[in-house]
Amino acid sequence: MITQTASQHRCFWCLQIYYHANAQTTCTTYPDGLEVVQFPNKQTEKFYPDGSKEIVFPDGTVKHLKDGQEETLFPDGTIVRVERSVMSDNKEIHMTQFKRREYTDGTVKTVNCSGCQETKYISGRVKIKDEAGNIVLGKKQMSLQHAVSHGKCQLQFFAKTDKN
């Protein structure tokens with residue numbers, strides 16, 4: 001390990017830089033307590049004094065962790081939020097076309113960019129609201145596509161994949 005300390009203004013603050021040769025990582029500690037770790041694959045991790053953490057991946061993905069919450073920003077604009085607590089572990093996904101929240105009880109709520117909403121319950125019940133918040137369907141085993149086919153809701157559809 002190689003240690004380098006840079007100081008300025010007669011050591012009113014000191015910058016510490018550690019290089020770990022075996023792992024080829026650099027760890028820099030700033031006077032305000034911020035620690036930055038740089039990996040050889042260009043991944044960077046920042047540890048803030050308040051306990052929060054930021055990870056920047058080589059592909060441009062950025063993950064923020066703070067107070068039990070996790071937010072991941074992908075290069076394509078997708079945002080995934082996960083809130084962790086004793087009572088919940090909900091997951092939120094933001095895309096340009098829709099927002100989706102997946103609840104721990106299995107309920108999935110999707111809000112389309114037009115404002116139309118679909119809530120799927122673990123029982124199989126589906127509730128669909130139009131752009132004004134009026135319930136247009138509240139039946140078991142109905143789909144959002146069914147509501148649109150009956151002219152109840154104006155939506156654009158995107159193929160569902162395992163990632164959605």
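**Reading strands, burial and phi**

Guide: Welcome! Leaving aside neighbours within four places in sequence, threonine 25 is in contact with Tyr18, Tyr19, His20, Gln38, Phe39 and Pro40; contact means heavy atoms within 4.5 Å. This is a predicted model, where local features need pLDDT of at least 70, side-chain atom pairs count only at pLDDT 80 or more, and totals for chains, interfaces and linings use all residues. Residues are numbered from 1 along each chain as its sequence is written, and side-chain values use heavy atoms, with hydrogens and water left out.

Visitor: In which strand is threonine 25 found?

Guide: Strands (E, at least two residues) and helices (H or I, at least four) are DSSP runs numbered from the N terminus. Threonine 25 belongs to strand E3, residues 25–29.

Visitor: Does threonine 25 count as buried or exposed, and why?

Guide: Buried means under 20% relative accessible area, exposed over 50%, and partly exposed in between (1.4 Å probe, protein chains only). Threonine 25 counts as buried because its relative accessibility is 9%.

Visitor: What is the phi of glutamine 24?

Guide: Most residues other than glycine have a negative phi. Glutamine 24 has a positive value, near 55°. Its place is in the loop between strand E2 (13–20) and E3, and at 45% relative accessibility glutamine 24 counts as partly exposed.

Visitor: Where does lysine 42 lie?

Guide: Lysine 42 is in the loop between strand E4 (35–38) and strand E5 (44–47). Lysine 42 is not a glycine, yet its phi is positive, about 80°. With a relative accessible area of 65%, lysine 42 is exposed.
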